[in-house]
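Hi everyone, thanks for coming. Please have a look at the structure on the screen, and then we'll walk through it together.

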Amino acid sequence: DSWCWSAVAVGDDIWVGTENGITVMNAQTGAARFYRKDSGLLDSRVARIFYDGKNIWACTRWGINIFPAKQ
């Protein structure tokens, strides 16, 4: 029930930026974890997600969150 604005694959994880936060899905296991405003995300709408080889950068209208990308 959410629009996907951006996605990036890191190892088996697919990081998806939506209008309701970030969903990280593991392609092998199907397990998912979520990042929302109540877990520290600066804004619900994640317009872009980038991977710099080490971290995930999540761009919102209120700033950028940086998460370590686990491989």
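Let's start in the middle. The largest nonpolar core has 13 residues; by a nonpolar core I mean a set of buried Ala, Val, Leu, Ile, Met, Phe, Trp, Tyr and Cys residues joined through side-chain atoms within 4.5 Å. W15, I22, Y35, V46, I49, I56 and F67 have the most contacts inside this core. At least two core residues come from each of β1, β3 (21-26), β5 (46-51) and β6 (55-60). Strands here are DSSP runs of E, at least two residues long, numbered from the N terminus.

Before going on, a word on the model. It is predicted, so to speak of a local feature we need pLDDT of at least 70, and side-chain atom pairs count only at pLDDT 80 or more, while totals for chains, interfaces and linings use all residues. Residues are numbered from 1 along each chain as its sequence is written, and side-chain values use heavy atoms, with hydrogens and water left out.

Now, which rings pair up with F67? One is W15: the two form a tilted aromatic pair, 6.0 Å centre to centre with 40 degrees between the planes. Rings of Phe, Tyr and Trp (its six-membered ring) pair if their centres lie within 6.5 Å; planes under 30 degrees apart count as stacked, over 60 as edge-to-face and the rest as tilted. W15 sits in strand β2 and F67 in strand β7 (residues 63-68), 52 residues apart. W15 counts as buried at 0% relative accessibility, and F67 is buried at 12%; buried means under 20% relative accessible area, exposed over 50%, and partly exposed in between, with a 1.4 Å probe and protein chains only.

Y35 also pairs with F67, again tilted, at 4.5 Å and 45 degrees. Y35 lies in strand β4 and F67 in β7, so this pair ties together parts 32 residues apart in sequence. Ring pairs link W15, Y35 and F67 into a cluster.

Next, the cysteines. C4 is partly exposed, at 48% relative accessible area, whereas C59 counts as buried at 19%.

That's my tour, so please ask away!

Key. Helix = DSSP H or I, 4+ residues; strand = E, 2+ residues; numbered from the N terminus.
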